[in-house]
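Biologist: I have a model open and would like to learn how to read its features. Could you walk me through a few?

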Amino acid sequence: MTSLGPTESVLDAERESPPQKVAIGAFDWMRKHLFSSVFNTTLTVIALLIAVFVTRGIAGFIFGDRPKWGSVTENMRLYMTFGYPPEQIFRVWLSVGIVFALFGLTLAAWGGGNRVSANRLASSVTKLGGTLVALALVTGPFPILWDDAPLSLRAEIIMVVIGFALGGLAMFHKARTEEQPERTISRTGILAGSVVFFIAFIWLLQVPTPMLDADGVYSEPLAPLATTTTWPWTLMAVIMMVFFLLGGVFVDRRGEERLRSVLVASWLFSYPLIVFVILRAPDIDWNQFWTRDIWIVLGFVVGGGLLLLLVADPERPERGRILSLGTVVLAIAMFWPLSIGGLPRNLMIVTAIYMLVAPSFAAKGAMKRTLANWVAVVLIASFFMIAMDTEMILQISKESFLGGLALTIILALGALGLAFPLAILVALGRQSRMPIFRQLSIGYVELIRGVPLIVWLIMAIGLFGFFVPTGVELDKVIRVLVAFTIFWAAYLAENIRGGLQAVGKGQTEAAEALGMTAFQTTTLIVLPQALRLVIPPIVGQVITSFKDTSLVAIVGVFELLNIAIRSIPAQTVPTSNFTFIGTVSENLLFVAMVYWVFTYTMSRSSLRLEEKLGVGKR
Amino acid sequence: MTAKTRDADTTRVPLWRNVTVLKWLAQIATVAVVVLLFMWLFGNFSANQEGGTSPFSFRFLNEPAGFQLGEGFTLTPESGAQALMVGIVNTFKVALLGILMATLLGVIVGISRLSSNWLVAKFATSYVEFLRNIPLLVQMVFWLALLTLLGKLTADTGPIPGFLITSSKGVAFAFVVPAEGFFQWLLFVVAGIVAARYVKRWRRRLRDETGNETHELSWALGTFVAIAGVGLAIHPLVGPLRHLWGALESFFVGLPVIVFQVVLAVVALLAAALWIRRFLASLRTPAGMAKLTDDDYYRIVFAGAVGVVGAVAVFMLDEVAQTLLNGAANVFGGLESAYHAAAGWPIVWSQPVLNIAGDQGQFVTYGDGGVVFTPAFLGVFIGVTLYTSAFIGEAVRAGILSVPKGQTEAGLASGLTRTQLLRLVVLPQAFRVIIPPVGNQYLNLAKNTSLGIAVGYLEIVGVGQILAAKIGSRASMAVIWMGFYLAMSLTFSAMINWYNRRSLIVER
Amino acid sequence: MRNKYLLALTAMALVVAACTDSNGGDTATTEAGTTETTEAAPAAGQSVLDQVLENGSLSCGVGSVPGFSAVTADGDDVGFDVDFCRAVAAAVLGDAEAVTFRTGIPGTERIEVVTSGQIDLLSRTTTQTQSRMDSGVEYAPIVFYDGQKMMGRASDGITADSPLTAMDGGTVCVATGTTTELNLLEAANGAGISVETVTTENRDQAIEQFTAGACDFFTSDASANASFKAALDTEDDWVIFPGSAFSKEPLAPVYIANDRRWGNVIDWVVNALIIFEEAGVTAANADDMAANPPTPGVGRLLGGEGEIQTAMGLSADAFLTMVKATGNYGEIYDRNLTPIGLARPGTSNDLWLNGAGGLLYAPPAR
């Protein structure tokens, strides 16, 4: 595995027989890392026994007679989207396609040109092969130790052969490239390889498929995946590859920076686009749009633009402040006493926020850009407002149009996205020199963090109705979204506060000396540095939040976990031709695996991100 | 700061440009918005109350509970308050045991991750990666489902009948349990702890004076064991103390509530005053009084306010004072009746007992003997323990890594074995880094026990849900939950902060 | 400078004008503006019926009990309770698919969601009780006569005729804080026996614990017992007892109180389903029957003289559409409950007209 220093010179003489070299290396390695002392040997034996016991236990359950894995394979659609109409499923695929396309572009923008050390890849492949062999030996039949094994002999032999083939391949490569250890493989090559591997995998994969024979006896013969699954996933993989290549072309022509800024905006934009437009399928009333909405939007574009000219005039800051305060007052007045609802009020809120922020960034030369941004903001905001303010085209018989894994992801991202600005405000308040802001922030954080999330969720579901005017009834998903937002904001605020504390005081003082306003100092100097410092804890919080979404199962929202423990165990003969009562363990294992894959991937990528950003090394 | 200097320079700054004024205006506006928001919320609340089916009151605390509980010190609570008490005790039971086990496992895992043994390190890494990346709720429900794989309970269920019995009805095992005379012996235990502290201080002083190794820990432990051990045999000697307990009981029974309230109020005010005095004293340097930051002012004001609020609250809440008084009387009454044991061991070995019923003896349940863990308890307990141990393991690992490598190298160079190195050099230094995150994990564990409702474990949220459904008032229950958890969290954070401050002082 | 101020004022005026104009112009849009909210609670004098007609969709609360309501692998809602929601939607809106199902409402909140107007109809195996009568809801005619029974093991010497006293000293798995638990304790007290309860969060966990041996008995409504028994692997070992249930659980759809128009619709959907079964009107032959009604009453229900239906606020052929979509009561029962082992003939759920002890009986349609 690793070549050890002292033996190297000896081995140089024996270049002709590489396998022998490995054997010596492995033996040395084992002596050093596993059997260096009596104590160490004991530990190794104990760890080995536990590992074998646990692995065989799990494998024994997975491949045993008891579980009905059909409850998982048959209900895959339920797990992913719950009640989304099958005939509209192309909307889900479209959304996944957008995400994959953006993902491909992102890979290209961040390190598309990078090359991966071939040796590193080879050692990964070796590890994979080793793991396969170990798994096969532990779970398969073994002549002396155990006869009854979860895995069949045939499967064991196949796995061992594949494992050794992988290991051998890697070692062969290593031996061949001994002279030029710096050899690398391009990211494109690896990605293309993975895509091909993935496509081959899903086309060859056989899954247990539930069957009832004439006598009603249940069985699970292995069958390939349905083409309704394989074709779309093939397409998705291809889309990702194509966009990765396109991104590479773009980077070559225009440079990385350009693509990155476009991508950040696209990721932000994709969330509302996917949730509110693609998945929700709004039934836009075009007649009303042309006769009414378009004029309101144009009015705001023109009126707001004119106002902006006045507000963002650096020569007369006082007048700008008063005018922007005026927009705020007007926005509040639209709730009460004017009580104007719908598009105008929502656009007015957007206007007020924009007018408050704009003066701080206004400069003589930047007026054109500020105006262009304004037009873009109004158009995009009104587009989503009009889209959200409609009926759905979909005929959905469920409370909310999303469920399952889709809901888990969208809930987590949505609440985190809303919580983040709130958290920044609270963190700033807590660091503020103004006592009332500080006490309010401290009170908020301590109150929210002191009480478990489940209590907040129970209150959001059971008590929310009491705190809003009679007659207003919010969707359950919206309520838990609000609860999550408020809860996570308190935790994120504490993370961000850590970053704020770490930014040197000299930074603030220097900015003040340059004549920056407090707002400018905070947004342009302090926050960017602070946020960069707290990326690792924030990623940790994102992972925690993703896991926390499972709690909504307790309050009756049908995300992944609730489907696993409540919906599927209620399926009986007349409903799906199979009965899945008593399949909780199987469903839970599957759900645990899904969560694990997501969170583990996230934590791995955050480690890579930390390395890349050099956090903690500055 | 800048605002003030500018103020001093130019007195003619117009009001709308005066930063101080603007800042205060902004703050007052914010307060006004917050107050208005709350007024709006509570206005809606009371408006909805009038026509609603959910009366906001705490009367149910004194009314009969009217339901059975599956687990707790009493299964048939007399009142709502007692039912909640069962829930609280259950919360603490699983939280404390969980903290104990999670610490044990976490330390092992944390050290294993840094083991030079490749297999052990990999094993610990997979342990951490698996447990902390799967939602706790999923894990809990899964453990509960897994427990059903244990067999049915029969008269001869093992693995070691009479000592350890595992079945789908839970786990029972033999353990020492208090017997008659336990409370008499407890006095010796307390005395032993106190004596051990003094012995330890004495030995340490001796070491500091002479420079010789004085084995302070062994001495302290020896003292404790000696006193507690002797107490095992001679505990009936303190039996006559029952007269003292009896006298205290009748004192508390006879004490008028108002006197007690006055005493409590004075104690609250005195405590606040003492705290402020000590706080100010801590700020005093040889060069004179340190300049108070506004954070310091707030602490002082806050401490004073807490004292005053506490003092006022004592008078406002007659029932609380009365309950405390009754509680004190009950404690001493209980002690009096407990101090009658003439002889015998104060703690005894208790083995699990099986109750066998049914005409063929087919219904087997765990009886009163040994320690019995129900499946629901085990689901929560195993869940929070394993989950938290993964996080504690990471904290321990980070703590050990925070010790500079030079320390390890120096230790190895001076001939310490790896175990000695860990015990004498690395862990003491790592401890300060480890404690704050581990403290937070303890708090998380305690809060996470609330997920027990998903497996039917009756902790405070679970009992509260049943009560709320019965009385139809979730609002009052929410207040109780929030009060309980806030009190717990704030107490706990205060303890962690106290430790942090203490450990920092030691560092200097 | 001055003209800039003018510009600003004009802009403000424009904005305000745009807003007020839209406000005066179209009130419907301002209502829709409260995105994601539904004006749920009935306005004074407005019936739920009007709201359902206006929304074009019926909001119906269901549970997740095998046979009564479940979600299939395709995401469709099926079951006995579900079909009553569909029947109401078919009668009112002419479309059995125009239902929004609210699944997963905790048992403790099901009455509250009806009284607060969050759902139009609750069809979730809800027992009609005295105290619930007083909590702002009303009940449709009973659609299923249920009763609580125990489930035990044949290997423990339990038979279908065992009395309650046979479980003296045993442990019972039961969902915590439910009326099921209270019934059990009352019955045990009444029989003079002591049982230990093992409480779980929900019934699914209770049955899981029971089958694993965590308790000797399981208790729930007889219907649920039957569906669980049918689904368990080793079916023969499980025994449902005692012979007659120890509690009465008349299950009926629930709707908001003091809304007679809506109540009439629900009541008569249930009645019509029963009358259609009595008269042999099925989904298949409904059109023929409408052409040649067997009795004048059935003819009226199928839209012959539609005045009764139109007076209720429905279309004349509302019940014809309904029976074509869901079938009659018997068809709904056979489709959902017979396969899970709930035989109907001879039970309380048989038609009274059959004279075999059935209790289902509908008032005449006239």
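Biologist: Let's start with the open sheet in chain C: in what order do its five strands lie?

Modeller: Keep in mind that this is a predicted model. The order in chain C is β11-β10-β12-β9-β13, with mixed pairing.

Biologist: Which strands of chain C are the edge strands?

Modeller: Look for strands that pair on one side only; here these are β11 (196-200) and β13 (238-241) of chain C. Ignoring direction, neighbouring strands of this sheet are turned by 30° against each other on average.

Biologist: How many bridges join β10 to β11 in chain C?

Modeller: Five, and β10 (residues 171-175) runs parallel to β11(C). If you want a pair to click on, take C:Ala175, whose bridge partner in β11(C) is C:Thr200.

Biologist: Now helices. What should the 27 residues of α9 in chain B span?

Modeller: At 1.5 Å a residue, helix α9 (residues 257-283) of chain B should span 39 Å, and the end C-alpha atoms are 39 Å apart, so the two agree.

Biologist: And which residues of α9(B) are buried?

Modeller: First the general idea: an α-helix has 3.6 residues a turn, so residues three or four places apart point the same way. In α9(B), the buried ones are B:Phe260, B:Gln261, B:Ala265, B:Ala272, B:Ile276, B:Phe279 and B:Leu283.

Notes. Residues numbered from 1 in each chain as written. Chains lettered and ligands numbered in written order. Predicted model: local features only at pLDDT ≥ 70, side-chain atom pairs only at ≥ 80, totals over all residues. Heavy atoms only, no water. Helix = DSSP H or I, 4+ residues; strand = E, 2+ residues; numbered from the N terminus. Expected span 1.5 Å × (residues − 1). Buried < 20%, exposed > 50% of the residue type's maximum accessible area, 1.4 Å probe, protein only. Pairing = 2+ DSSP bridges. Axes fitted to C-alpha atoms, helices over the stretch in contact; angles between N-to-C directions.
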